[in-house]
Amino acid sequence: MEPDIESIAEQVFIALADPSRRAILAALASGGPATATDLAGRLPITRQAIAKHLALLAEAGLVTAEPGERRRVRYRLRSAPMRVAQQFLAALARDWDSPLEALKDHLDRDAGGTA
């Protein structure tokens with residue numbers, strides 16, 4: 001069964017709504033896989049808060065937890081859910097473009113006729 005694109009996109013948008021989660025994703029994008037402790041050393045967020053944010057990001061599929069040395073868990077970015085959200089937005093934009101273009105044409109005609 002195909003995953004529900006709208007549901008995946010919704011989880012991504014919820015995850016991206018929080019600036020701390022965006023900062024965590026940016027840190028992982030620039031620095032590669034990291035533990036919650038590593039991220040706490042790079043960001044002005046407590047380790048406990050980072051762990052909670054990472055759990056939500058993992059639930060949205062944006063990060064994956066990988067077992068590391070000495071029972072430390074490293075988090076790695078996953079781009080697939082972000083691509084699904086981009087596809088959802090692109091489809092939404094296509095659906096809007098036609099009616100918006102028709103409205104623009106209508107308004108342009110009205111403006112041109114009342115000179």
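1. Arg72 is partly exposed, with a relative accessible area of 32%. In this predicted model, Arg72 forms a salt bridge with Asp38, and the closest N and O atoms are 3.6 Å apart. The two residues belong to distant parts of the chain: Arg72 is in the loop between β1 and β2, whereas Asp38 is in helix α3, 34 residues apart. Asp38 also counts as partly exposed, at 31% relative accessibility.

2. Asp38 has a further partner. A salt bridge joins Asp38 to Arg74, with 3.8 Å between the closest N and O atoms. This pair again links distant parts of the chain, since Asp38 lies in helix α3 and Arg74 in strand β2, 36 residues apart. Arg74 counts as partly exposed at 34% relative accessibility.

3. How many salt bridges does a search of the whole structure find? The search finds three. One of them joins Glu66 to Arg76, where the closest N and O atoms are 2.7 Å apart. Glu66 is in strand β1 and Arg76 in strand β2, 10 residues apart. Glu66 is partly exposed, with a relative accessible area of 25%, and Arg76 counts as partly exposed at 37% relative accessibility.

4. The strands themselves deserve a separate point. Strand β1 (residues 63-67) and strand β2 (residues 73-77) run antiparallel and are joined by five bridges. Arg76 in β2 is the bridge partner of Thr64.

5. The next point concerns the nonpolar interior. In soluble globular proteins, nonpolar side chains tend to be buried together. Here the largest nonpolar core has 20 residues, and those with the most contacts inside it are Ile24, Leu39, Ile50, Leu54 and Leu57. Two or more residues are given to this core by each of α1, α2 (19-31), α3 (36-42) and α4 (47-59). The largest share, four residues, comes from α2.

6. Helix α2 also contains Gly31. Gly31 is partly exposed, with a relative accessible area of 43%. From C-alpha to C-alpha, Gly31 and Asp4 are 31 Å apart in space, and they are 27 residues apart in sequence.

7. Which residues form the aromatic pair? The structure holds one such pair, made by Phe13 and Phe88. A pair of aromatic rings is described by the distance of the centres and the angle of the planes. For Phe13 and Phe88 these values are 6.2 Å centre to centre and 55 degrees between the planes, and the pair is tilted. Phe13 lies in helix α1 (residues 5-16) and Phe88 in helix α5 (residues 80-113), so the pair ties together parts that are 75 residues apart in sequence. Phe13 is partly exposed, at a relative accessible area of 32%, and Phe88 is partly exposed, at 23%.

8. Phe13 also takes part in a surface feature. Together with Leu89, Leu92 and Trp96, Phe13 makes a nonpolar surface patch of about 370 Å². Helix α5 provides the largest share of the patch, three residues. Trp96 lies in helix α5 and is exposed, with a relative accessible area of 53%.

Terms used: Residues are numbered from 1 along each chain as its sequence is written. This is a predicted model: local features need pLDDT of at least 70, side-chain atom pairs count only at pLDDT 80 or more; totals for chains, interfaces and linings use all residues. Side-chain values use heavy atoms; hydrogens and water are left out. Two strands pair if DSSP finds at least two bridges between them. Rings of Phe, Tyr and Trp (its six-membered ring) pair if their centres lie within 6.5 Å; planes under 30 degrees apart count as stacked, over 60 as edge-to-face and the rest as tilted. Buried means under 20% relative accessible area, exposed over 50%, partly exposed in between (1.4 Å probe, protein chains only). Patches are made of residues with over 30% relative accessible area and no salt bridge: like charges are joined within 9 Å, nonpolar side chains (Val, Leu, Ile, Met, Phe, Trp, Tyr) within 5 Å. Accessible areas come from the Shrake-Rupley method with a 1.4 Å probe; for residues, only the protein chains shown count as cover. A salt bridge is a side-chain nitrogen of Lys or Arg within 4 Å of a carboxyl oxygen of Asp or Glu. A nonpolar core is a set of buried Ala, Val, Leu, Ile, Met, Phe, Trp, Tyr and Cys residues joined through side-chain atoms within 4.5 Å.
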